Structure formats: structure tokens, C-alpha cells
Amino acid sequence: MRYLEQLPRFAFFTGKGGVGKTSLACATALKLADAGRRVLLVSTDPASNVGQVFGLHIGNQITAVPDVPRLWALEIDPQAAAQAYRDRIAGPVRGVLPAEVVKSIEEQLSGACTTEIAAFDEFTGLLTDAALEQRFDHVLFDTAPTGHTIRLLQLPGAWDSFLEAGKGDASCLGPLAGLERQRSQYKAAVQALADPVRSRLILVARAQASSLREVARTHDELVHVGLSRQHLVINGLMPASEAPLDALAAAVLRREQAALAAMPAVLRELPRDEIALMPFDLVGLAALRQLLDAGSASVSPPPLPAAAQAAAPALPGETAPSLAQLVDGLAAPGHGLIMVMGQGGVGKTSLAAARALELARRGLPVHLSTSDPAAHLDDTLAGALGIEPSLFSVSRIDPQRETQRYREQVLATKGRGLDAQGRAMLEEDLRSPCTEEIAVFQAFSRIIREAGRKFVVMDTAPTGHTLLLLDATGAYHREIARQMEGTGLHYTTPMMQLQDSSRTKVLIVTLAENTPVQEAAGLQQDLRRAGIEPWAWIINNSVAATGPRSALLRARALKELPYIEAVARQHAERYALVPLLAEEPVGADKLQALLGRRPD
């Protein structure tokens, strides 16, 4: 494993839910501890399952891992960190400032930006703590800070007076204003992250086109803030030995090799490791020790568990609801907004395109759009013809173009009467990454107005960006409500449209794996806190729905069953199960295969 060579003190494992970064971080920590190094493993993942992997309760305190001398673990709870951060900022002014001012402060601190910054606030102490440096040889982080957060912390400026005067527009600067006293600590932490002698970033991905595009975007975002020394790990590769045993295994192998051959150029330049798909759960010390040894993609995988040698699991394809059945329910009103949400790499774009095409085939007018910078709708549709042009249109919200348009608009209005210093502060405000979220929100608002007369199918950006978009939507709604209070006038904001289940259907996409299901459940909770009730869940790329013959794929299918059950019985009011396809769902006919019936 090249990423282990001369590993610095700090290592960050980053990647979207379900790619295996937690397993890889745990296996790495175990390998280093077995080699005599003193290791602290830290998780900042809201859906952390580090404790489950090691079979113990960890929580927000440094905890020794039994039976592994020299290994300790810590789980930072981002939600608890965010609440503590809010209390620290808003607490001292309660009872001192007017209630409406305190309420405004609390609203500014209620969004996804605050949660990101608070989590960063927690672990910057670990990066700069001299006592920890003496105690541990390595500190490994399961999930790195986002480029969004680091760009925020790199912004200079005394924000308090600027914000109080109402001259700023970037919604994330409210939480940021409370960080001035610790700015030197953040600067030291960012310097440590950017120093290749002290830190290494390990990007974890699957050999899938969507996953590789997503990790390429993460790479670019981190390079943009100075974190350029990165390694790439491709996890869960289908062993070549399985291909002769199963047509699906052979097809998956071909797809993976094609995805690797066509991966973005920025990823091909990185040092790379490849790890084979494991037939067992990566839980417990014995399984973790096998991951980096037997898991090398050049080594045959270890023996399959006994359960996988039995007949294929009896679920799914025939009994679980199909995507086509969900479309029947979506089509009934004849128009409306359909929002497809979820983590990167779960297949949102393909599923959004499949639904939009199916609605158009039924003679219903559809506008398919995406707010995901990494989405490639044109590639996914691959010239989907045969539909009346008046019934089907496609667009993409370009974040860069929309952000530039928004900056020019603000500078031409709010900036007109400012002096040189005030204009400089406004321009700095507009360099905040949250400016992009506001600009995308404005474009999003323009598009969803069409949902009163046709279907608008929106392929959203990955969850973190979507929550920031909802923050902007909520802030706009509160401001309009404040301005309209007492006027007696009727108004409808985008947030009100999202909260109206008769006008908007939110579909959450996930995979039948532990982390993706946990993260989808977290997204559902965030949506409900915003007054938005998800309409359905879609479990994509299910092996259990294919009736596999390969013993390795049967083992993977058995692992999926409890997560399918959890979605069906605990999380979703309605759901659909979409099988892993032998061919990439690109082009009209192959997209139709996602619906659960044969192409015409």
C-alpha cells in the first residue's frame, strides 16, 4: 500500500458514504499499532461506525481499543459540537441583547455551515495540541475537513461590524464571525494540513464513473485551498477470479476497468492503491487485519463465509417495489417538483434521468435539471431521442456562472454607495463559498417556478451542498416572512413550495450498506427539521435484487438484506429497490432498465 509509505503524523481518509473510508482508516490504525506505533483514530463522520467496527462504545472521549496495545479511538459528534458552539456564541448575549437580536444570531448559527465549522473547531485542537503530539506517533482522521470549511477559515476580515451594518450577503459569515479569537489556531491547523511532511490526504473511491467524478471534485476543492499532496485508494474491486463464474460479476469487472481507464486526469496523476472486494463484513480485528493484506487487488481474496456457499438469497427482485411503481405515484398529479437527494456516488443523476424520461414517455411535460457540479446529464442521456421536444427539456445550473452573475448584481447594488474600504469588505464577503450557495439558490428558485405547469425533476448536489442550499432557502423564507408580516398580502417562497407535499416530492437515494443508509437517515432528519417530509427512498445498485450466482456476490447480497429491511420497515414510507445492472445506465434504453422492466 503506497499510501502507508513514510506515513506522516496526520492522515485524513476522505470520501463519500459507502466507499469504505471508515474500514480503511480502522485497518490502517490497526496495522500501524501492530507495527509498534502509538495511534489515535478520530472520526468526525456524523454517521460514524468506528465503535461498531471495533465492537465497543467510543463516544467523545479518547478510548483505548481492547486487545490492541498502542491504539486509541475518539468519535467527535458534529451535532453536539455545533450545539456547544452555538451556546458559546449566543449564550453570553442572552438577557443582554434584545430577544429579536438573539433570535437572529441563533438562526444564523442553525445551518450546515455551523456544523462544519464546529466540527473543525473540535479537531483543530487535535492538530495543534502539543501534549497529543508527545503521546501519539500518528493521528488518523476518518473524514477530512471540507474545502468549503477551509476556504471559510482562510477569509480574513473583522466581520462583526460589517455584518451588523447589513452590508454582507454571504450567509455563512454569521457563524464565522464568532471565530475571530481562535483565528491563529485555525491558521496553524490549516498550515499543518497543507504540509506534506506532517499530513497526508487519502482519497477513497469505488471504481465507478460517478464515484471517480465525485472524488475528482473533492481533489480539486482541496487543491484550491492548498492541500495538494494526496493519495488515491480504489476500494472494493471485483476480483478477476469471479468473472468466469457469473455474468454479472464479469460485467461489473468490465465496468470497473472501463471506469478506471476513463478516470479524470487529475486522479491518474496521483499515487494509487487498489483493494479487492471483500466477501465478509469488515467488523472485528481479524477482518480488519485481512483488508490490507489479503485485500490487495493483486492477491486472491480470502475464503468465503459458509453462509455464502448456500443458495442465493431469496429477496428481492420479484417482491420489492420497483422504480416503475414509484413513477406511477409521481405521475398522478400531472405536474410538480421532484427532487432527488443523497450522497455523491449513489446514482442520483441516472435515477433522476430515468424518471424524467419515463414521465415524458407518458406524454407529460418535463424539465430535467441538475444543481450538481459533478453531474453529466448529457453523457447520461446520451442523445435520448424519440420524445417530443416540447415534452422534454434539460438544463444545468452552472455554479460558476451563477456565482459570477450574483457577485456582479450585488456589487452593482449594495456596492454602489460604499467607500473603498467598504467595497473591499463586500468583495471579500462575496469570495465566501456560501456566495455560491446563494447564487445557486437563486437559479434553483427560477427553475422550480415551472413546477406549477409541468414536472421539474431536480438532480441535486451531494448532501452537504444540498443542506447549504436549504439553509439559503430557509434564510430567504424568514426574511420574506419578516418583511410581509402584517401586510395581509399573499406570498409563496421556495421553502413553502418544498414543504408542500402536494407540490413537491423528495426522493432520497441510498445504497444497501451501513454508512449510506445512516447518512440518508441523517439527511431525512435534516429535511424534517426544515419541515420537508421525504416522499420515498430508492435503494440503488442492489446485488440482492439480481439473484447472483457468484459466491462472492451472494455474500455481498446477504450483507444487503438487513439494510433493505431497515429502509422498508424503519425509514421510508415507500421505497423502491433498483438492481445493479450488467451495463452502465447510459442512454435511453439502459436508463429504462432502471425502472425494473425490460426496455421496449
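Tutor: Start with Tyr186, which lies in helix α10 (residues 183–194). Helices here are DSSP runs of H or I with at least four residues, strands are runs of E with at least two, and both are numbered from the N terminus. This is a predicted model: local features need pLDDT of at least 70, side-chain atom pairs count only at pLDDT 80 or more, and totals for chains, interfaces and linings use all residues. Residues are numbered from 1 along each chain as its sequence is written, and side-chain values use heavy atoms, leaving out hydrogens and water.

Is Tyr186 buried or exposed? Tyr186 is buried, because its relative accessible area is 2%. The cut-offs are these: buried is under 20% relative accessible area, exposed is over 50%, and partly exposed is in between (1.4 Å probe, protein chains only). Now look along the chain. Thr128 is 58 residues away from Tyr186 in sequence, yet their C-alpha atoms are separated by 9.0 Å.

Gly36 gives a second pair of this kind. Gly36 sits in the loop between α1 (21–34) and β2 (39–43). Its relative accessibility is 39%, so Gly36 counts as partly exposed.

Step back to the whole chain. It has 25 helices and 15 strands. Of its 600 residues, 56% count as buried. Take the contacts between residues at least 6 apart in sequence: 78% of them join residues at least 24 apart. Contact means heavy atoms within 4.5 Å.

The largest nonpolar core has 47 residues. A nonpolar core is a set of buried Ala, Val, Leu, Ile, Met, Phe, Trp, Tyr and Cys residues joined through side-chain atoms within 4.5 Å. Which members touch the most others? They are Met238, Leu337, Met339, Phe444 and Trp537. Helix α20 (residues 433–448) gives this core its largest share, six residues. Leaving aside residues up to four places away in sequence, Met339 touches Phe444, Met458, Thr460, Leu498, Lys505, Val506 and Leu507. Another core, of 39 residues, lies apart from the largest one, and its members include Leu4, Phe13, Ala73 and Val204.

Now see how helices pack. The axes of α15 (323–331) and helix α16 (residues 348–361) come within 10 Å and cross at roughly 55°. Axes are lines fitted to C-alpha atoms, for helices over the stretch in contact, and angles run from 0 to 180 degrees between N-to-C directions. The two helices α15 and α16 are therefore oblique to each other. Angles under 35 degrees count as roughly parallel, over 145 as roughly antiparallel, 65 to 115 as roughly perpendicular, and the rest as oblique. The crossing of α15 and α16 is right-handed. That word applies if the near helix is turned clockwise from the far one by less than a right angle, and left-handed if anticlockwise. Leu323, Val327, Leu330 and Ala331 of α15 meet Leu351, Arg355, Glu358 and Leu359 of α16. By class, this contact has six nonpolar, no polar and two charged residues. Here Ala, Val, Leu, Ile, Met, Phe, Trp, Tyr, Cys and Pro count as nonpolar, Asp, Glu, Lys and Arg as charged, and the others, Gly among them, as polar.

Ser322 is in the loop between α14 (285–293) and α15. Ser322 counts as buried because its relative accessibility is 15%. Beyond residues up to four places away in sequence, Ser322 touches Ala576, Leu577, Leu595 and Gly596.

Asn514, Val517, Ala521, Gln524 and Arg528 of α23 make the contact with Tyr563, Val567 and His571 of α24. These residues divide into four nonpolar, three polar and one charged.

Finish with backbone angles. Asp67 is not a glycine, yet its phi is positive, about 70°. Asp67 lies in the loop between β3 (63–64) and β4 (71–75), and Asp67 is exposed, with a relative accessible area of 70%. Arg70 is also placed in the loop between β3 and β4. Its phi is near 75°, a positive value in a residue other than glycine. Arg70 counts as partly exposed, at 33% relative accessibility.
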